[in-house]
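Reader: Hi! Could you walk me through this one?
Author: Happy to, here it is.

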Amino acid sequence: MGKRGRPRHPDVLTPAEWRVVDMVRHGMSNRTIAQRRGVSVDAVKFHVANALLKLGLDRRAELRTWRGVPFDSALRAQGGTEMVQLGAIGQIARPVSDIGRAVEFYRDVLGLPHLYTFGDLAFFDCGGTRLFLSVGEGAASTLYFRVDDINTAYDELRERGVVFENAPHLIHKHDDGVEEWMAFFPDPDGQLLAIMSQV
């Protein structure tokens, strides 16, 4: 007679727990995660509680700085020893009031190549720098600096006095398997900056 229940997952967290933890690390509330995932708030709380238990953490806020990486992530293969050098600006974020109207303007009026749209998020190519539009308030833009090894950059910048809002975390996995990892921090005026790496 076979074993009952789900087969054992080879990672510390299940895929559903990873998805929720990544969204927590990105600063989303349980309600926002539930809406984006199409599940109940109770389901999100269940996954958060399971993740905290498995990781030996006491509070949800500790997930923001937890340094875990999924076992099948390309990021696990990275590991450099060179001094960190911030690369070219890889992305600039800009808030918009209406994503549909903004997509039409940037694509059809300005002629920027439209990369993709996910709900209230849209991405365009500006000569190799990605323009990220999202529905929200505020006039400040976020600058995202490319780095070769995000974990090394995170460690070295912390040693230099940078106070990160969260540990490097998976933002998106593209259909071709490329993963986008980011970590966010403020400049002296409180303007948001980020380091980003594609692996």
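Reader: Thanks! Which residues does Tyr-154 touch, leaving out those up to four places away in sequence?
Author: Tyr-154 touches Arg-67, Phe-164, Asn-166, Ala-167, Pro-168, Ala-183 and Ile-195, where contact means heavy atoms within 4.5 Å. This is a predicted model, where local features need pLDDT of at least 70, side-chain atom pairs count only at pLDDT 80 or more, and totals for chains, interfaces and linings use all residues. Residues are numbered from 1 along each chain as its sequence is written, and side-chain values use heavy atoms, with hydrogens and water left out.

Reader: How many residues are in the largest nonpolar core?
Author: The largest nonpolar core has 18 residues, and Tyr-154 is among those with the most contacts inside it, as are Leu-75 and Trp-181. Such a core is a set of buried Ala, Val, Leu, Ile, Met, Phe, Trp, Tyr and Cys residues joined through side-chain atoms within 4.5 Å; buried means under 20% relative accessible area (1.4 Å probe, protein chains only).

Reader: And which elements give two or more residues to this core?
Author: Those are α5 (150-159), β7 (179-186) and β8 (192-198), with helices (H or I, at least four residues) and strands (E, at least two) taken as DSSP runs numbered from the N terminus. α5 gives the most, 4 residues. A second, separate core has 17 residues, including Val-20 and Trp-66.

Reader: Switching topic: which α1 residues meet α2?
Author: Arg-19, Val-20, Met-23 and Val-24 in α1 meet Ile-33, Arg-36 and Arg-37 in α2.

Key
Buried < 20%, exposed > 50% of the residue type's maximum accessible area, 1.4 Å probe, protein only.
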